[in-house]
Amino acid sequence: MTPETRAAIAFSRFGLGVTPTGYGGALSDPQAALKAELKAPPALSAELSPIQKDLAFSNALPGSPELLVQIRDYNQARRMMREKAADAEKPKEMSPNMMGDMAGGMSGDMTKPDPKRQMADDTQKLPQAVLQAEGKARIDAWMKAPIGFHERLVMFWANHFAVSVDKGIPVRVLAGAYEREAIRPHVTGKFRDLLLAAERHPAMQTYLDNDASVGPNSQANRNAKRGLNENLAREILELHTLGVNGGYSQADVTSFAKVITGWGVARTPRALSDGESFQFNARAHEPGAHVVLGKTYADDGERQGVRVLEDLARHPATAKHIATKLVRHFVADQPPPALVDRLAKRFTDTDGDLTAVYTVLIDAPESWDAPRSKFRSPQEYLIALLRATGSPLPPQRLYQTLRAMGQPLWQPPGPNGFSDMAAVWATPEGLSTRLDVTYQFADRYAAKTDPRDFAEARLSGLITDATRKSVAQAETRAQGLSIVLLSPEFMRR
Amino acid sequence: MKQNRRHFLVTTTGLFASAFLPSTAFAAGRDPRLIVIILRGAMDGLAAVPPVGDPDFAALRPPVFDGDPLKLDGFFGLNPAMPNLARMYQAKQATIVHASATPYRNRSHFDGQDVLESGHEKPGFADSGWLNRLLTTLGTSDKLDAAQLKATKGLSVGTLTPLVIRGEAPLLGWAPSQLKDADADLPPRLLRLYGETDPALMQVLHEGIETGKIASGMKDMGGGGGGQTRAMLDMAKGAAALMARDDGPRVAAMAFDGWDTHTAEPRRLTQLLGGLDAALAALESGLGAKWNDTVVLVATEFGRTARFNGTQGSDHGQATAAFLAGGAVKGARVVADWPGVKASALYEGRDLQPTTDLRAVVMGVARDHLGADVRRLQTDVFPGAIGVKPVDGLIA
């Protein structure tokens, strides 16, 4: 295998794709280059936008406590608006003449204030202000990353601990902060810390309903009108730690759900002004000791749940589950069992030191010898395309394009995240949108680029004679560039 | 691409009137318009304008098109898919240039298009095209003077500004409101590539094409489908609507893709030439009275092999045909120093031999239609073309 091929694998299998800068230091030692990137993770930044200033944001990427205050104010404003709108419409509903006026207003008179439109506008203002800045910060980080291994890990773990903006305004506003606060700082640290940060974050507490879960025998449930919600407890066991065949029972789920009652989103002004976004509410906590996976956990309040999570983090089934997902993501849809075992062993031996686990992956011969059979997901593909052409995208178009390609940012179809299997993405529909998106890009990029040079540079170490020939025979520059970007060498990793 | 030079317009007249020249600025008299159409992919000149009177032609190219060639001057015929161009020819408003080529003698589309559009002798990266440099060299004494040009700007039609009109002279941009269709010729090419190196992906793409989820020229037996024909018509109509205005652009460029007919050429070229013919007719009718002062130049990067290949198509070649249409053209002529199609007369034994320098044709039009200075044409517009003499008598 040539140095170019190994560097190309570092950039595609482990990274975000090659840029006009080329392979750089990865040519001489791709494994060292990957490890070095873990030591110097990129910082996210964005500029405060006018709409954010208007909403009195302290900075473009505020922490979740500040966002929780924004969400609270926002919900209040919406409630007031709704009441006002309801009042305003009441007389209209009773008068046929007024109905006629309304129809006229809808056909395009923009001068009259329309409480309904006002409300519709306002419900989008906060999430738009947030998503714009979060998207911009991600695009910049993707474009700047030398290889992009760190960013790929962030994407992997954000998808492992998935939340979806579909859930509603709070998660929509918090999704970016969740990735910044709970995922990003911990992807190279201990799995325990990552797990705790993810589960306790207000985005996760809201997304999987634990914020609403109340211990059946807790003080908060004295009138017996509320109760337990098992959603988060189940997904922690099934998706985040042990895995679906990890050896837990329904009784474990229920017990664990009781253990983490009282865990929730900070609401009191004091907690919020202290910069807290997680809050333990002892009044909602189910009293008593509980048995999870055969072990009895005494009731020590908030700590009870922490101790269960700590034990789950070092459970052998968790090591196996995480190792399997990592190998499936980076190496092959059908992960080689021997490699999975080695990762799981290192996970256990180091008490979940994730960088140590990645090191096994980077050093494994399988990671370099395996056929490039993984199919870049839409997000991976789009980022690789942006990097290859050196053309960043406005955040709005990033969201639109990813949505069109079937992988909207922070919006997976369920808590199990987006699939990691080629069969899910390499479909006629998927290929169809990929063709359209790529051609639009290529058409704009074609002016100054010779497709033959582009192919040799961006597919260095990978290019086949068939692709070389196909590109050289292309009828237009745009078509030639499209063939490079749609070649198996570029779409697979 | 320098985006700041491109302004997308909407076709509601009031909105962009300020970008145009006040109509009082024009004196009576000649007010020339020039439209350049680049055919990307290498149009087969022998199929478009067959030399039916050449005794060696019948053996070289057995008839494959539906219908007989349309009559031009007896020696040359016109492909039956182009009745409008034939009509313009008979009305002395169209001239054919044959066996012409740029100075480029290799067979790469990109490099060929580069030379054709940049006006340089060799491929390589030129920032500007000859049409744009022509605009910057025109002076106040010319028929299309600098003040008019400055006020009206050149018009780039389509989502991508063709190289031929890129450069320092300011441009307006206009594209049909619909997004450009993904290139219908792309899926068949990818299918061939995947077939060689990625059978699994080929299966997926094949299914996409079969079920109609992926629009492909494959569906109508080999590319050059209806999408391209419609795009040509839309672009021509849009350009004509803008240029028909008294204060509209005087010079425009657009590019039509899809002419790389390696397979199924009879069917594909019938569609493509038909689309081009309809586009010329749309320019004629859309320009109205302005057509009388218009020259449309249609050119392609190179021609195709004199003989058909084994897949009912032709491969990359050398000389080909170019078209001049418009009321300002001295028409009803075929301009050609015909080299013949005997095997011994072919370039490298396979292609039509170039005998007319396409740059000389452009120079003739630029000098006689726009009043451009020949010296500047030979140096600034076409660098290194000092020995190239403008073709006389192309303009009425």
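In this predicted model, the centres of domain 1 of chain B and domain 2 of chain B, taken over C-alpha atoms, are separated by 32 Å. The assignment for chain B places domain 1 at 30-179 + 223-381 and domain 2 at 186-220.

**Chain A as a whole**

- The secondary structure of chain A consists of 26 helices and four strands.
- Chain A is as compact as a globular protein of its length, because its radius of gyration of 25 Å is close to the 23 Å that the globule rule gives for 493 residues.
- The C-alpha trace of chain A extends over about 75 × 70 × 40 Å along its principal axes.

**Domains of chain A**

- Chain A is assigned domain 1 (41-94 + 117-200), domain 2 (208-313) and domain 3 (378-491).
- Taken over C-alpha atoms, the centres of domain 1 of chain A and domain 2 of chain A lie 25 Å apart.
- In the contact of these two domains, domain 1 of chain A takes part with 14 residues and domain 2 of chain A with 19 residues.

**Interface of domain 1 and domain 2 in chain A**

- Domain 1 of chain A and domain 2 of chain A bury about 1,500 Å² between them, and carbon and sulfur atoms account for 63% of this area.
- On the side of domain 1 of chain A, the residues that lose the most area to domain 2 of chain A are Leu68(A), Glu199(A) and Arg200(A), which together give 39% of what that side buries.
- Three salt bridges are found across this interface of domain 1 of chain A and domain 2 of chain A.
- A salt bridge joins the side chains of Arg200(A) and Glu302(A), at 2.6 Å from N to O.
- Six residue pairs, with both residues at pLDDT 80 or more, are in polar contact across the interface of domain 1 of chain A and domain 2 of chain A.
- On the side of domain 1 of chain A that touches domain 2 of chain A, two or more residues come from each of α4 (64-94) and α9 (191-200) of chain A.
- With six residues, α9(A) gives the largest share of that side of domain 1 of chain A.
- The side of domain 1 of chain A that touches domain 2 of chain A comprises seven nonpolar, two polar and five charged residues.

**Interface of chain B and chain A**

- The contact between the chains involves 42 residues of chain B and 40 residues of chain A.
- About 3,600 Å² is buried between chain B and chain A, with 60% of it on carbon and sulfur atoms.
- There are three salt bridges between chain B and chain A.
- Asp111(B) and Arg452(A) form a salt bridge through their side chains, at 2.7 Å from N to O.
- Polar contacts between chain B and chain A number twelve residue pairs, with both residues at pLDDT 80 or more.
- At least two residues of the side of chain B that touches chain A are supplied by each of α5 (109-118), α8 (186-197) and α9 (199-210) of chain B.
- The largest share of that side of chain B is the eight residues from α8(B).
- By class, the side of chain B that touches chain A holds 17 nonpolar, eight polar and 17 charged residues.

Technical notes
Residues are numbered from 1 along each chain as its sequence is written. Chains are lettered from A and ligands numbered from 1 in the order in which they are written. Side-chain values use heavy atoms; hydrogens and water are left out. Contact means heavy atoms within 4.5 Å. Buried area is the accessible area (1.4 Å probe) that two parts lose on being put together, summed over both. A salt bridge is a side-chain nitrogen of Lys or Arg within 4 Å of a carboxyl oxygen of Asp or Glu. A polar contact is a pair of N or O atoms within 3.5 Å; within protein, one must be able to donate a hydrogen and the other to accept it, and residues adjacent in sequence count only if both atoms are side-chain atoms. Ala, Val, Leu, Ile, Met, Phe, Trp, Tyr, Cys and Pro count as nonpolar, Asp, Glu, Lys and Arg as charged, and the others, Gly among them, as polar. Domain bounds come from an automatic or database domain assignment. The radius of gyration is taken over C-alpha atoms; the globule rule is 2.2 Å times the number of residues to the power 0.38.
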